[in-house]
Amino acid sequence: MATSKKPTTLSGIQPSGKLHIGNYLGALKNFVELQNEYQGFYMVADLHALTEDIDPKERLAQTLEIAAAFIAAGLNQKKSVLFVQSFVPAHVELGWIFTTLLPVAALERMTQYKDKAARQTKNVNAGLLTYPALMAADILLYQPPVVPVGDDQAQHLELTRLVAKKFNQRYGDTFVLPKALHTRIPRLMSLADPTRKMSKSEPTGCLFLDDTPQVIEKKIKRAVTDTSSAPTKEMSAGVKNLFLILEACGDKKNHNALTAAYQKGTLRYSELKEKVADATSKELAPYQKRYKDVIENKAALKRVLTDGAKRAAHAADTTLKNVKERMGILLS
Ligand code: TRP
């Protein structure tokens, strides 16, 4: 049960649909790289996903899939703690406490809330609004100095800092204010419409982690490159995106050679696409093999999650106890 003396960090992924290469290159791989430097807590955020209306069987399957993805990406249980949010009740408890500190107006300003409320008009539930309180609890329970998040979560992290500050002011110094650790990989754009970010809601432009090399090749072949017929000075968004994928997949050699060709004006997009497709398939192959092994052994996966929940609860309960004492809701 012992956790190391390294600084902690925490991040989470919501189980809501298939993961894509952006999740892998931007989030999962990054978490794995951090695990030597930090005591990581990595979580499948299933309580957050309750704000969306998903079939319960599907929900459970997706929770296990995300957990398997963490392991397949290289998360090592000896170094990091992998758990499912709902298995650790302290999250909900501290989440409630934080709703009593966060101003409604601040919650209403969150762009993710506004976006989701506009998208799921038939299901604008209170959880969509109070979501950042739960996310703040996820984070602050583990007292991490830094949190690896994509820029779409930066606003929520700001609220986390706000709630930590408010708590400290009212009840005395308790929380360190966590900083964002921005991931190195910039956001990948949709292959079909490179002005928009790659997203599972637009599958033709999205490279999923379970896509076969054939599917990857097909999607990349169809990727939008230049929309104007005359060559422009600036690299187009579509071509830039292909280079970005090539670089993110670690194919430096082709990245350099093809960049040089681009600058000379001799680059053939068909060749660029072929190299990007190869690099992507190569990058995903070991992940896909491990993923298959992990997801096929459900008993072992469940053991990892049960053990992870115990270790996470151990850390989280220590923080929660301190919080409750300070607030006057615990007899000691
Ligand atoms: N809200 C994050 C997302 O939608 C997932 C998440 C939940 C998270 N709790 C977190 C991320 C805590 C970082 C830290 O992507």
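This is a predicted model: local features need pLDDT of at least 70, side-chain atom pairs count only at pLDDT 80 or more; totals for chains, interfaces and linings use all residues.
Local features are reported at pLDDT of at least 70 and side-chain atom pairs at pLDDT 80 or more, while totals for chains, interfaces and linings use all residues. Residues are numbered from 1 along each chain as its sequence is written, and side-chain values use heavy atoms, with hydrogens and water left out.

**Salt bridges**

The model contains 14 salt bridges, a salt bridge being a side-chain nitrogen of Lys or Arg within 4 Å of a carboxyl oxygen of Asp or Glu. The table lists pairs from among them.

| Pair | Closest N to O distance |
|---|---|
| Arg 187 – Asp 151 | 2.9 Å |
| Lys 321 – Glu 325 | 3.4 Å |

Arg 187 forms a salt bridge with Asp 151. Arg 187 lies in the loop between β5 (179–182) and α9 (213–221), and Asp 151 in the loop between β4 (146–149) and α8 (154–171), so the pair ties together parts that are 36 residues apart in sequence. Helices (H or I, at least four residues) and strands (E, at least two) are DSSP runs, numbered from the N terminus. Arg 187 is partly exposed at 35% relative accessible area, whereas Asp 151 is exposed at 54%; buried means under 20%, exposed over 50% and partly exposed in between, with a 1.4 Å probe and protein chains only.

Lys 321 and Glu 325 are four residues apart in helix α13 (residues 298–327), a separation of about one helical turn. Lys 321 is partly exposed, at 48%, and Glu 325 is likewise partly exposed, at 34%. Elsewhere, salt bridges with shared partners join Asp 151, Asp 152 and Arg 187 into one network.

**Cavity**

One cavity of 30 Å³ or more is present. A cavity is a set of points, on a 1 Å grid over the protein atoms alone, where a 1.4 Å probe fits but cannot get out; lining residues have an atom within 4 Å of a point. The volume of the largest cavity is about 50 Å³, taken as the space filled by probe spheres set on the points, which are joined across faces, edges and corners.

Its lining includes Met 110, Lys 116 and His 156. Helices α6 (111–119) and α7 (126–140) each supply at least two lining residues, and α7 gives the largest share, four residues. By class, the lining has six nonpolar, two polar and one charged residues, where Ala, Val, Leu, Ile, Met, Phe, Trp, Tyr, Cys and Pro count as nonpolar, Asp, Glu, Lys and Arg as charged, and the others, Gly among them, as polar.

Note on methods:
On a 1 Å grid over the protein atoms alone, a cavity is a set of points where a 1.4 Å probe fits but cannot get out, and a pocket is an open set with protein on both sides within 12 Å along at least five of seven lines; lining residues have an atom within 4 Å of a point.
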